[in-house]
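Please consult the sequence and the model alongside the points below.

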Amino acid sequence: MINAKYGPDPGLKIYSFLSGQYGAFHSSVIGATVGEAPFVLNGIVGNPTTFDPLIHYADTGGVSDHVFALFHLLCLVFVPRLRDFPQRRLGYFGSPKQWPTLAPMMGRPINEEVIRQHWGDVLRLAASIRDGSLKPSSILRKLGAYRQQNQLYLALGKIGRIERSLFMLDWIENRDLRMECQAGLNKGESRHSLARAVFAHSQGHIHDRLDAAQQKRAMALNLVIAAIIFWNTLYMEKATDHLGKTGQMPDPGLLPFTSPLGWEHIILTGNFDWHSGAAERKIARPLYLSLSRIWAA
């Protein structure tokens, strides 16, 4: 079978989670053609860190009504960018004639009876995911694999339609929400660019066949990226101090918008010397202060 996007060769995707401070806190190795939506919650409720994000930004690939439902039930905020927004329809209760201006966006009414009948099962599912008894991706894929649609899965989808409809209305009216989502996704895309640059020197191939070995590769990639981010952050601080002392700081208000994800000054090939001590404050490397090029090396 030839996939239009990934070609005929077997492939993998590393679905990574990035905090607002540029720290990667979870990665899942999944098949190249597998949908991303069931794995979105894995990094939120299943990561081994103490980091507990309340808002999660995702691209269209991570969106489904069931994910919307579980985010709501777990008291988390899901803010995806919906690329196919015009094709999605709003759910509603009662008659659509109550909202004539929204008529072009209306879909089918929501069957609230299904939600009522299975509300207890829905709450038990959410509680099991919260305490770690169930893995979100496993249970969502299992429920969705039934030939005859599972009623719990159906009820969860109805709840998700409600949440997605409310989100879509908020997305239309709230410009700040759209800007915050785009800013969050830009951080993720910058991190992906750095990951591709680091991984390209293995020709972009993972030759391990075992899941544990593939996951270890993803963790090693995170480690190298974290080292680059730490290095950049350390020397960005030194560069900021230098600009402040010399009166060259243009606008301190722009500092929150700087990113430690650049790698043009990093030599990505060769051996990594983890014990050089170059990152320690007492023996830090001097800043390059050339007028044509000012960055930390």
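Helix 8 is followed by G247, a residue with a positive phi near 70°; helices (H or I, at least four residues) and strands (E, at least two) are DSSP runs, numbered from the N terminus. The model is predicted: local features need pLDDT of at least 70, side-chain atom pairs count only at pLDDT 80 or more, and totals for chains, interfaces and linings use all residues. Residues are numbered from 1 along each chain as its sequence is written, and side-chain values use heavy atoms, with hydrogens and water left out.

**Helix 8**
- Helix 8 comprises 35 residues (211–245), which at 1.5 Å a residue should span 51 Å; the end C-alpha atoms are 51 Å apart, in agreement. The expected span is 1.5 Å times one less than the number of residues.
- The buried residues of helix 8 include A218, L221, V224, I225, I228 and W231; buried means under 20% relative accessible area, exposed over 50% and partly exposed in between (1.4 Å probe, protein chains only).
- An α-helix has 3.6 residues a turn, so residues three or four places apart point the same way.
- Strand 1 (12–18), strand 2 (24–31) and helix 7 (175–199) are among the elements that cover the buried residues of helix 8.

**Helix 6 against helix 7**
- The axes of helix 6 (residues 151–173) and helix 7 come within 5 Å and cross at roughly 100°. Axes are lines fitted to C-alpha atoms, for helices over the stretch in contact, and angles run from 0 to 180 degrees between N-to-C directions.
- Helix 6 and helix 7 are therefore roughly perpendicular to each other, the term for angles of 65 to 115 degrees.
- Helix 6 contributes F167, D170, W171, I172 and E173 to the contact, and helix 7 contributes R175, L177, R178 and C181; contact means heavy atoms within 4.5 Å.
- These contact residues divide into 5 nonpolar, no polar and 4 charged. Ala, Val, Leu, Ile, Met, Phe, Trp, Tyr, Cys and Pro count as nonpolar, Asp, Glu, Lys and Arg as charged, and the others, Gly among them, as polar.

**The loop residue G23**
- G23 lies in the loop between strand 1 and strand 2 and counts as partly exposed, at 29% relative accessibility.
- Not counting residues up to four places away in sequence, G23 touches F17 and L18.
- A separation of 9.6 Å lies between the C-alpha atoms of G23 and F230, which are 207 residues apart along the chain.

**The whole chain**
- The protein chain has 8 helices and 8 strands, and 36% of its 297 residues count as buried.

Definitions and conventions:
Parallel < 35°, antiparallel > 145°, perpendicular 65-115°, else oblique.
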